[in-house]
Amino acid sequence: MALRSQVVGCGAYLPAQRVTNHDLAARLDTSDEWIRQRTGIGERRMAAPGELTSDLAVHAAERALADAGMSGGDLDLIVLATATPDNTFPATATKVQARLGMHRGAAFDVQAVCAGFVFALATADNALRLGQASTAMVIGAETFSRILDWEDRSTCVLFGDGAGALALRAVSDPGPQGRGVLSTHLHSDGRYYDALYVDGGPSSTRHSGFLRMEGREIYRQAVQRLSEAVDEALSANGLSAADLDWLVPHQANSRIIDGVARKLGLSPDKVVSTIEHHANTSAASIPLALACAVADGRIRPGHLVLIEALGGGLAWGASLVRW
Ligand code: ACO
């Protein structure tokens, strides 16, 4: 019988330090009003000095393991989505593997920037469905505060740090509601490489660089590409937007989120939004939002959840999950 990846636990972690728009306005030519109106962001969290992407990832994964009633030794696979690894190599996932007490299987990073969590979920789901692993931890973890140009008001106000994780288990009988990852859909278009990038790296400049973005172009692409990806995910499963319980989008900007929901004809109360308190945490934003909506009882077993994200590359994708 065909295998399916079921979500058996989720967890999230946010660093303690809150940075409000007012805090930013005290040192930059910006305002709470401008940031809220353009993005929906009110505050973001920032990792403490010495607190690394791996630390955030370990906290989130430990919470997902506890939620699943599992320990690190039960895991066959870790796929960590990040664009802000602790070091250029090795994969941050291997540090997380050791700290979770997992001494077998495989752990590696995937890099699709803000779309990273969808790419990581697809990678783990494929491994589980092929029988290459029976359990997996999919993590999105980022410390974007380390790659921001804090003099550039057009980018530094948009991002925050955080991590989220989902524990998956392969099941051969998904049950009457057919719980599990129904499908994943990945895309990229490298012609837009320069629309959102970091102006450094080991092969180009030998230092890690800062984030640069053509905001308007990204905005225009995001609404269009994400709407196509969610249509693709729904039609691949013979479903329509009316069947959805929740849309859990990448939290980049409330106007992008509203634009996609409007195109789907989805009422705002079916959209999980954490942008006001988390800002854009790149690959961490979807699992952070999922963990919030599970913790407050909105997402429940059997619910149909659609996730979607777009980021640098451009890379984008969507996935339908029967929770
Ligand atoms: N505070 C005050 N003024 C600002 C700020 C700021 N933080 N940033 C820019 N401005 C000014 C600009 O200098 C410009 O001033 P000018 O007209 O005097 O030149 C004015 O505001 C308008 O700037 P635009 O860049 O045209 O502003 P826009 O309305 O496009 O909003 C934004 C910018 C919010 C970035 C928008 O383009 C956007 O949402 N883009 C999507 C990008 C995104 O979400 N990226 C996240 C990463 S990718 C992803 O995760 C999908």
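Helices (H or I, at least four residues) and strands (E, at least two) are DSSP runs, numbered from the N terminus. The structure is a predicted model, in which local features need pLDDT of at least 70 and side-chain atom pairs count only at pLDDT 80 or more, while totals for chains, interfaces and linings use all residues. Residues are numbered from 1 along each chain as its sequence is written, and side-chain values use heavy atoms, with hydrogens and water left out.

The ligand is surrounded by 23 residues, the closest being Thr30, Arg38, Arg153, His250 and Asn253, where a residue is near a molecule if one of its heavy atoms lies within 4 Å of it. Two or more residues are given to the shell around the ligand by each of α2 (32-39), α6 (153-156), α7 (215-236) and α8 (254-264), and α7 gives the most, with four residues.

Most residues other than glycine have a negative phi, and most peptide bonds are trans. A cis peptide bond with omega of about -5° joins Phe89 and Pro90, the latter being found in the loop between β4 (77-81) and α4 (92-99). Another cis peptide bond, with omega of about -15°, joins Gly313 and Leu314, and Leu314 is placed in the loop between β12 (304-311) and β13 (315-322).

Helix α10 (residues 285-295) is largely enclosed by the rest of the structure, because eight of its eleven residues are buried. The buried residues of α10 include Ser285, Ile286, Pro287 and Leu288, together with Ala289, Leu290, Ala291 and Ala293. Just after α10, Gly297 takes a positive phi of about 85°.

Thr135 is located in strand β6 (residues 135-143) and, at 4% relative accessibility, counts as buried. A polar atom of the Thr135 side chain lies 2.7 Å from the backbone oxygen of Asp74, and a polar atom of that side chain lies 3.0 Å from the backbone nitrogen of Asp76.

The structure holds zero disulfides, a disulfide being a pair of cysteine sulfur atoms within 2.5 Å. Cys114 is in no disulfide, and the nearest cysteine sulfur, that of Cys156, is 16 Å away. Cys114 counts as buried at 5% relative accessibility, and Cys156 is also buried, with a relative accessible area of 0%.

Definitions and conventions. Buried < 20%, exposed > 50% of the residue type's maximum accessible area, 1.4 Å probe, protein only. Polar contact = N/O pair within 3.5 Å; in protein donor to acceptor, adjacent residues only side chain to side chain.
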